[in-house]
Amino acid sequence: MTKNFLLIILIVFTITSCKDDKHQAIETPKTAEVNTYVKDNYTKKEVMIEMRDGIKLHTTIYSPKDTSKAYPMLLKRTPYSCRPYGENEYLNKVGPNKYLMEEGNIMVYQDVRGRWNSEGVYDNMRAYIPNKTGQQTDEASDTYDTIEWLISNVENNNGKVGTYGISYPGFYTTYSLLDAHPALKAASPQACIGDFFFDDFYHNGAYLLSYWRATSVFGYMKDTPTTESWYTFPDIGTEDQYQFFLDHMPLSKLDKFYGEDNVFMEQLKTHVTYDEFWQSRDIIQHLKDIKPATMIVGGQFDAEDLYGPYNTYQSIEKNSDNYNTLVFGPWSHGDWARTRTRQVIGNIHFGDSISDYFQKNIETKFFNHFLKGNANGETGLAEAHMFDTGAKVWQSFDSWPPTNTAKESYYMQPYERLTKRADRKIATSDFISDPKKPVPYSEDIKVVFTPRKFMTDDQRFAARRPDVLTFETEVLENDVTLAGDILAKLNVSTTGTAADWIVKVIDVFPADTKNTEDVQDHLKLSNYYMLVRSETLRGRFRNSMTNPEPFVPNQKTAVNLKLQDVFHTFKKGHKIQVQVQSTFFPYIDANPQTYVNNIFEAKESDFKAQTHKVYNDSSIEFTVLK
């Protein structure tokens with residue numbers, strides 16, 4: 001891929017390979033038609049807005065040409081650029097969706113501090129400063145100063161502002177809620193990063209090797225404003241990323257691709273525990289007494305940001321009294337902002353026009369209510385609007401998780417059984433984990449910028465490996481709907497001093513399931529093992545993310561692993577399956593299984609095969625809808 005092509009992917013939040021599958025290709029809008037509409041109906045203006053410390057931020061403003069009425073402003077702050085630059089160069093479309101664009105709103109884009117055409121120094125996941133004094137700045141103050149300038153200087157605005165954004169712009173949207181400007185009436189953080197130690201680059205202490213190339217985007221600094229990219233991506237010289245990363249194990253072999261000038265890579269390598277560096281950047285801890293209305297949006301199959309949206313919603317719900325709603329659909333990262341008709345993740349078709357439904361009936365209604373309508377009236381929207389990814393229908397709830405749920409435990413028994421009761425006799429299921437022959441996270445041979453498709457992938461290839469434990473129910477006689485979080489309560493031992501634990505929840509389809517047009521040529525939906533949810537824990541963090549500790553060889557040890565929420569019906573005739581493994585490569589890096597203080601300093605001799613045991617009093621606790 002070329003640098004420019006990857007840059008386009010980043011800007012539109014479709015950071016993925018065009019080879020993921022036939023439905024993952026980036027959609028190209030009908031340029032002439034859309035450009036004509038934007039140019040005919042909007043006037044573009046570029047300004048540099050001065051912050052309280054004198055730093056100026058590049059801001060692009062699209063205002064409706066119809067000046068007979070006042071409009072609210074919709075602001076997106078981004079590290080991915082306000083391209084195209086130049087007042088005669090227009091975006092193909094403006095705003096969160098076509099409905100808000102066609103209705104008429106003032107659309108504002110801003111390069112955040114230190115990025116692209118803005119001045120200042122960039123700080124990745126910049127920490128919030130409570131009780132700022134003098135010229136102290138953070139993203140909250142930059143947002144406040146921007147809104148103050150906009151409402152004072154942009155003609156025909158109605159004094160109301162909404163913020164929105166997906167992924168990193170979703171983080172900046174969340175940030176806008178802190179010390180919020182009085183004119184900020186509504187915010188929609190979408191796939192919002194909450195904490196990089198649990199979103200994107202680490203998962204429960206395990207390094208997401210699959211995001212290694214993305215480090216270029218955030219790691220290289222610049223000295224002056226620019227409209228051109230100043231960073232490049234490593235050329236790995238292969239179309240087989242599994243083999244590439246296997247050949248570059250241990251991680252120190254990757255150092256030749258990035259120098260010390262990649263600031264973020266150096267931070268990742270230095271801060272390998274949940275230390276003050278990461279803790280200070282956790283924005284979720286600050287979500288208290290929020291005033292603007294909020295709508296948190298996420299995708300149930302978002303490989304990048306599940307932790308952020310769910311925890312952002314829960315924190316606001318717990319600590320604030322504002323209007324707060326949650327929307328989760330059958331989407332990968334940012335799918336809800338796209339316009340394709342068939343909603344497909346990997347091999348699974350969930351329905352048609354699902355994103356359009358969200359844009360028209362949920363997102364547009366939310367912003368119109370708080371920015372154009374009577375903000376004190378009923379929105380007509382549910383507290384939680386959730387898509388059941390098994391039954392393939394939308395449902396609305398008064399809370400999330402729903403109140404009518406109960407916890408149910410299933411036990412991991414010998415002979416691959418998943419039962420509601422554990423055998424009295426102590427037994428174990430054993431496997432040999434070899435970090436030099438790790439379990440792939442996907443059977444596809446390809447290179448992706450950041451992974452997506454695997455979130456619904458067929459897991460039969462993994463189940464048939466000897467280093468993956470499989471536990472399965474009998475064929476279900478009734479539907480079972482999971483609606484909430486999942487907690488794996490493992491009791492394990494290892495012959496080594498370190499291990500990762502990956503738990504996967506899988507929907508096993510009946511043998512008579514017929515293919516759709518979306519299925520890869522080499523697969524069948526007959527007996528398909530659909531991945532519903534997975535999560536990883538680097539075992540040394542089992543008791544504390546701050547103070548890691550080794551395993552005692554051959555000693556039975558409790559390891560609890562929380563999986564992010566699901567809303568999924570295992571239908572009658574299907575089976576519930578759980579897989580347990582210790583490698584998931586190269587989605588996460590391989591654990592050497594010899595305890596090391598810093599995985600980036602591991603030596604080749606540290607990587608050793610070990611025998612792991614899962615005891616039959618291990619269980620998985622589901623939140624079941626009644």
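1. What covers the buried residues of helix α8? The cover includes strands β7 (202-203) and β8 (206-207) and helices α6 (215-219) and α9 (276-281). Helix α8 spans residues 263-270, and its buried residues are Phe264, Met265, Gln267, Leu268 and Lys269. Buried means under 20% relative accessible area, exposed over 50%, partly exposed in between (1.4 Å probe, protein chains only). Helices (H or I, at least four residues) and strands (E, at least two) are DSSP runs, numbered from the N terminus.

2. This is a predicted model, in which local features need pLDDT of at least 70 and side-chain atom pairs count only at pLDDT 80 or more, while totals for chains, interfaces and linings use all residues. Residues are numbered from 1 along each chain as its sequence is written, and side-chain values use heavy atoms, with hydrogens and water left out.

3. Asn204 sits in the loop between β7 and β8. Its phi is near 50 degrees, a positive value in a residue other than glycine. Asn204 is buried, with a relative accessible area of 14%.

4. Trp116 is not a glycine either, yet has a positive phi of about 50 degrees. Trp116 belongs to the loop between β4 (106-111) and α4 (139-153), and is buried at a relative accessible area of 0%.

5. Two cis peptide bonds deserve a look. One runs from Arg83 to Pro84, with omega near 0 degrees; Pro84 is in the loop between β3 (71-78) and α3 (98-103). Another joins Phe585 and Pro586, with omega about -5 degrees; Pro586 is in the loop between β23 (575-581) and β24 (610-615).

Methods
Contact = heavy atoms within 4.5 Å.
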